[in-house]
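Got your viewer open and your selection tool ready? Let's take a walk through this one, stop by stop.

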Amino acid sequence: MKRVRKMMLLLFALTLTIVLGGCQDKKESGKESQSNTESSSETKTEPTMGGSIVVGIPQDLEDSLDPHKSVAAGTKEILFNIYEGLVKPDEEGNYIDAVAQSHTISDEGKTYTFTLREGIKFHNGADVTVDDVKYSIERCAGITDGTEPLIAAFSNVESVETPDDKTIVINLKEADTEFLAYLIVAVVPKDYAELDTKPVGTGPFMYESRSPQENIKIKKFAGYWDPDNQAYLDEVTFKIVSGNAIATGLNAGSLDMFCRIEAAQSAQLQKEEFRFYEGGMNLVQALYLNNAEEPFNDVKVRQALCYAVNRQEVLDMVADGRGTIIGSSMFPAFEKYYMPELAEVYSQNVEKAKQLLTEAGYPDGFDMTITVPSNYQQHVDTAQVLVEQLKQVGVNAEIQLVEWDSWLSDVYTDRKFQSTVVGVDAAYLSGRALLERFVSDSSKNFINFKNEEYDDLYQQVKKSTNDQEQIALYKKMETILNEDAANVYIQDMASEVVLRNTYDGYAFYPLYVMDMSKIYKVSE
């Protein structure tokens, strides 16, 4: 059955698909490739089992391979193939039961009850037990060692009970109808101490090896619980490559696939050799400003930068006009929360920007530094365009290129920066996943944004069990980020995926993930 990508999120669906099947190691014989509606590749293909693929990625996994601790989007998109939670997302934004076979949510939204899937195993051959699930939830909640929660939403967990060897009951302190979104968090073995370097999960692929600064390899997990959705490929190699080496590697055959390829690189490819898929990247790209650093602790300065920037020019110069201009920390795939009107608030107005800078005490502008991870060329290119635009209002910006691991430690963790151009993803299918990071005391609030009304709205939305009320509260939060010019919001970048035409099956998700289980070699 042909599956067409839909960009609709069913975030609060309480009736989920339960995937059941036999034990054969094969896919449905008549299954066709998932095809994005914007894809230039519409040719019907037939899948085969087996084979390998080499996928280019722009950076090494400098982050932890522990799924509860990793923060980098590039790490999480690979771990998506290795780990699963009680539920997991599909490409349409639904939640399907994974480690759990079924679940129920109490009417008041405070008790989540799951039935463990029978016969499910970890990659090391051990059976998944309710104790493993309990440990995983309590670890994320900080209950196991009395520390701060590893995931903010899990601070609401009161207790986890296992009344029998098939049942897990999660009791919340306060009602939370969005908590299901966070239960895609990985279930890990209770007595396994090497998650940082040798991940063990329940996903369709298992970790094989890693050569720092060279590649990461995963291989098919033959014991995967869902025989109808086992991986087609036997092995996937994620090869670290950047710059001109991307197009060169694709043309030469040393790479078979690259996600989020740049327009200039795509133009160098031998078109007849590849399939191309287009969609949104599901990232909030912005010039992120450290609100605690002068002069960005002044809202007028931040607003001035917003008026100084021409976002459409950024899209035109960096991505041939592709992408969606945004005005706050929400992207279009989260349709019911997204406010397209906010993208129009700060249309370029150089005179308005100069006026605000004068009112803030900077009539002649100022000097600033934009720290950018060097391995993400789209962000480097964006920063270069911004530098030229900011000159029009007297702001002299200098780009500081850093390695990805330095960006993670210095900018994200230690907050030692003035501004940075990056893309921020949503790790979970929840409006909260994008907006909770800007609460004053959030460990993820790397821009040091502080607004009492915003914090209050966040507390209200956490307690609300009414979908329409939650939507209204989230939109108020987005509006505050826009009005306070927390950052210079730019775009949800366009994503072009290139895949050698001997393969097919790439699927877009409303999250920043790369699902390799759907990729297959085309039968000859």
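Start inside: the largest cavity holds about 130 Å³ of space. A cavity here is a set of points, on a 1 Å grid over the protein atoms alone, where a 1.4 Å probe fits but cannot get out. Grid points are joined across faces, edges and corners, and the volume is the space filled by probe spheres set on the points. A search of the whole structure turns up six cavities of 30 Å³ or more.

Before you click further, note that this is a predicted model: local features need pLDDT of at least 70, side-chain atom pairs count only at pLDDT 80 or more, and totals for chains, interfaces and linings use all residues. Residues are numbered from 1 along each chain as its sequence is written, and side-chain values use heavy atoms, with hydrogens and water left out.

**Stop 1**

Select Ile-261, Ala-319, Arg-322, Gln-378 and Ala-494. Of the 14 residues lining the largest cavity, these lie nearest its centre; a lining residue has an atom within 4 Å of a point. Which strand gives the largest share of the lining? That's β20, with three residues. Both α6 and β20 (494-500) supply at least two residues each. Those labels come from DSSP runs, numbered from the N terminus: helices are H or I with at least four residues, strands are E with at least two.

**Stop 2: just past α6**

Now pick Asp-320, in the loop between α6 (311-319) and β15 (324-325). Its phi is near 55°, a positive value in a residue other than glycine. Most residues other than glycine have a negative phi. Is Asp-320 buried or exposed? It has a relative accessible area of 60%, so Asp-320 is exposed. (Buried means under 20% relative accessible area, exposed over 50%, and partly exposed in between, with a 1.4 Å probe and protein chains only.)

**Stop 3: the six-stranded sheet**

Move along to β15 and colour the open sheet β15-β19-β14-β18-β16-β17, whose six strands have mixed pairing. Two strands pair if DSSP finds at least two bridges between them. β15 and β17 (396-402) stand at the edges with a single partner strand each, so one side of each has no neighbour in the sheet. Zoom in on β15 and β19 (residues 487-492): they pair in the antiparallel sense over two bridges. Here Ile-325 stands opposite Gln-491 in β19.

**Stop 4: helix α9**

Next, select α9 (residues 404-413) and show the side chains of its buried residues, Trp-404, Trp-407, Leu-408, Val-411 and Tyr-412. Look down the axis of α9: these buried residues fall within an arc of 115°, so they line one face of the helix. (The arc is that of the directions from the helix axis to the C-beta atoms.) An α-helix has 3.6 residues a turn, so residues three or four places apart point the same way. What do the buried residues of α9 pack against? They pack against β16 (367-373), β17 and β18 (419-424), where contact means heavy atoms within 4.5 Å. Just after α9, Arg-415 has a positive phi of about 60°.

**Stop 5: the aromatic rings**

Rings of Phe, Tyr and Trp (its six-membered ring) pair if their centres lie within 6.5 Å; planes under 30 degrees apart count as stacked, over 60 as edge-to-face and the rest as tilted. By this rule there are 20 aromatic pairs. For one of them, jump to Tyr-224 and Trp-225, whose ring centres are 5.3 Å apart with planes at 50°, so the pair is tilted. Tyr-224 is buried, at 5% relative accessible area, and Trp-225 is buried too, at 12%.

**Stop 6: two hairpins**

Select β5 (residues 100-105) and β6 (residues 111-116), antiparallel strands joined by five bridges. Ala-100 has Leu-116 as its bridge partner in β6. Five residues lie between the strands of this hairpin, where Gly-109 takes a positive phi near 75°. Then hop to β7 (residues 157-164) and β8 (residues 167-172), which also pair in the antiparallel sense over five bridges. Two residues make the link in this hairpin, and Glu-161 has Val-169 in β8 as its bridge partner.

**Last stop: a cis bond**

Finish at Glu-294 and Pro-295, joined by a cis peptide bond with omega about 0°. Most peptide bonds are trans. Pro-295 sits in the loop between β14 (284-289) and α5 (299-308).

Technical notes:
On a 1 Å grid over the protein atoms alone, a cavity is a set of points where a 1.4 Å probe fits but cannot get out, and a pocket is an open set with protein on both sides within 12 Å along at least five of seven lines; lining residues have an atom within 4 Å of a point.
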